[in-house]
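Look over the structure below before reading on.

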Amino acid sequence: MIILASQSASRQAMLSAAGVAFEARPAAIDERSLESSLVDAPPEEIARVLAVEKAQAVSSNGEGRWVLGSDSLVVVDGQRFHKPRSREEAADHLRFFSGREMHLYSAAALVRDQHLKFDCNDRAVLVVRELSQAFINAYLDAEWPAVAGCVGVFRIEGRGVQLFDSIEGNHFTILGMPLLKVLWGLRQFGVMAG
């Protein structure tokens, strides 16, 4: 059984559906501080470093178990966005996203005894349609606070799909983890049957 260094319901649902036995144990790291030290790094590298750091933080207790860390990052017009801290901030994000192209970067890392054994990342491109203020209000009435924990202020498996005109990329990446690559890594290290 692996440890998932995340409290993300979406990541937990993906692993469960794929038949991966896991225990969820969120990592206690300061993501914003780490990100600020990587200010000039490309978004895919920031997501990768955060995934590795989460996995290593949870792996620090010396149990010898495999730990999976994952992170997602949203970039719109060169600006990085985090999970909204309030409904008002969520509305601000949605207004900014309106009519623009969203780049979603998702990364994962497998760590054992604090040693990085495998990492991967992926990117999806989502074109946000023009969003009216009335739509944003109705959307947040229905989805807040569930989307408070979602970078990009959406759950693609729910009403969040209504935000987009087009989507290019792997469904699992959009859900928050490059799952097919993670499963490949788990098989390569014998964590799962090949």
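The points that follow are grouped by topic.

This is a predicted model, in which local features need pLDDT of at least 70, side-chain atom pairs count only at pLDDT 80 or more, and totals for chains, interfaces and linings use all residues. Residues are numbered from 1 along each chain as its sequence is written, and side-chain values use heavy atoms, with hydrogens and water left out.

**Nonpolar cores**

- A nonpolar core is a set of buried Ala, Val, Leu, Ile, Met, Phe, Trp, Tyr and Cys residues joined through side-chain atoms within 4.5 Å. Buried means under 20% relative accessible area, exposed over 50%, and partly exposed in between (1.4 Å probe, protein chains only).
- The largest nonpolar core has 44 residues, and L68, L94, F97, M102, L140 and F154 touch the most other members.
- Strand 6 (residues 115-128) gives this core its largest share, 5 residues. Helices (H or I, at least four residues) and strands (E, at least two) are DSSP runs, numbered from the N terminus.
- Another core lies apart from it and has 14 residues, including A47, V52, Y105 and A109.
- Not counting residues up to four places away in sequence, F97 touches V74, V76, F81, M102, V128, G152 and V153; contact means heavy atoms within 4.5 Å.

**Helix 4 and helix 5**

- The axes of helix 4 (residues 87-97) and helix 5 come within 10 Å and cross at roughly 135°. Axes are lines fitted to C-alpha atoms, for helices over the stretch in contact, and angles run from 0 to 180 degrees between N-to-C directions.
- Helix 4 is therefore oblique to helix 5; angles under 35 degrees count as roughly parallel, over 145 as roughly antiparallel, 65 to 115 as roughly perpendicular and the rest as oblique.
- R87, A90, A91, L94 and R95 of helix 4 meet Q133, I136, N137, Y139, L140 and D141 of helix 5 in this contact.

**Single residues**

- S106 is in strand 5 (residues 101-112) and is buried, with a relative accessible area of 0%.
- The side chains of S106 and S72 make a polar contact (3.4 Å), that is, a pair of N or O atoms within 3.5 Å; within protein, one must be able to donate a hydrogen and the other to accept it, and residues adjacent in sequence count only if both atoms are side-chain atoms.
- E143 belongs to helix 5 (residues 133-143) and is buried at 4% relative accessible area.
- D119 lies in strand 6 and is partly exposed, with a relative accessible area of 30%.
- D119 and K181 are 62 residues apart in sequence and 8.8 Å apart in space, C-alpha to C-alpha.
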